[in-house]
Amino acid sequence: MVVSAVGFTLVAQVIGERAQVLVLAHDVSAGHVLKPGDLRVVQVAAEAGVVPAKERGTVLGRRARVPLVAGTMLAPGQVGTSAEFPPKGFSQVAFAVEQGGAPPDLSKGERVAVVPGPTGASASAVEGTAEEESAAPSMVGAVTGVRAPESAGGPRVVTVLVETAAARRAARLDHPRVVVLPAEGSESP
């Protein structure tokens, strides 16, 4: 019984251990040179793969390789000497999304499908053949930016990271609608 109690105590101590790690204080764009104000220290039960607070000096002055979102723990591979964004084979596409065309709380990092709106299907797709409807462009990607309308009732600009092949179809997408998808999955619109 004493062995069990000692084992439980050791396990509880290991589980309860917390480490100080670096977290993004605010959103940082790809290519941004990290400064002290961009990072803060938090104490969490962290696993390997994040930058410990004691290694702050190794990331300051380095560039964000990808866009970084406020509140996320910094990983070593997210900083380097140059930006690597968008990654090879991917492009960022900006869509003018009309009111009601996207959830009001849409934010960076969400996995979305961008599909043609009700009046956005091509004239041939409106005629209704299955082959023509499947040709209507749509794409799945991750939101990299959301900009508020410049005027009341105007469209929001939603920027999405998509495969480059899908980006080429974006020009044919009229009246885009943005649908939030589960964080992981393989369904396509």
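The model is predicted: local features need pLDDT of at least 70, side-chain atom pairs count only at pLDDT 80 or more, and totals for chains, interfaces and linings use all residues. Residues are numbered from 1 along each chain as its sequence is written, and side-chain values use heavy atoms, with hydrogens and water left out.

**Overall fold**

- The protein chain has five helices and nine strands. Both are DSSP runs, numbered from the N terminus: helices are H or I with at least four residues, strands are E with at least two.
- Along the sequence, the pattern reads α-β-β-α-β-β-β-β-α-α-β-β-α-β.
- The chain has 189 residues, and 30% of them count as buried. Buried means under 20% relative accessible area, exposed means over 50%, and partly exposed lies in between (1.4 Å probe, protein chains only).
- Take the contacts between residues at least 6 apart in sequence: 69% of them join residues at least 24 apart. A contact means heavy atoms within 4.5 Å.
- The accessible surface of the chain is about 11400 Å², and 56% of it belongs to carbon and sulfur atoms. Such areas come from the Shrake-Rupley method with a 1.4 Å probe; for residues, only the protein chains shown count as cover.

**Nonpolar cores**

- A nonpolar core is a set of buried Ala, Val, Leu, Ile, Met, Phe, Trp, Tyr and Cys residues joined through side-chain atoms within 4.5 Å.
- The largest core has 17 residues. Phe 95, Val 114, Met 139 and Val 178 have the most contacts inside it.
- Five elements each supply at least two residues of this core: β5 (90–97), β6 (111–116), β7 (139–147), β8 (156–163) and α5 (164–169).
- A second, separate core has twelve residues, including Leu 24, Leu 39, Val 59 and Ala 64.

**Backbone details**

- Most residues other than glycine have a negative phi, and most peptide bonds are trans.
- The peptide bond from Phe 85 to Pro 86 is cis, with omega near 0°. Pro 86 sits in the loop between β4 (79–80) and β5.
- His 175 has a positive phi, near 50°, and is not a glycine. His 175 lies in the loop between α5 and β9 (176–180). This histidine is partly exposed, at 34% relative accessibility.

**Salt bridges**

- The structure holds three salt bridges. In each, a side-chain nitrogen of Lys or Arg is within 4 Å of a carboxyl oxygen of Asp or Glu.
- Asp 27 pairs with Lys 108 at 3.2 Å, N to O. Asp 27 is in the loop between β1 (19–24) and β2 (39–44), and Lys 108 is in the loop between β5 and β6, so the bridge ties together parts 81 residues apart in sequence. Asp 27 is partly exposed, at 36%. Lys 108 is partly exposed too, at 36% relative accessibility.
- Glu 84 pairs with Arg 65, with the closest N and O atoms 2.5 Å apart. Glu 84 is in the loop between β4 and β5, Arg 65 in the loop between β3 (63–64) and β4, and the two are 19 residues apart. Glu 84 is partly exposed at 42%, and Arg 65 is partly exposed at 24%.
- Glu 150 meets Arg 147 at 3.9 Å, N to O. Glu 150 is exposed, at 74% relative accessibility, whereas Arg 147 is partly exposed, at 48%.
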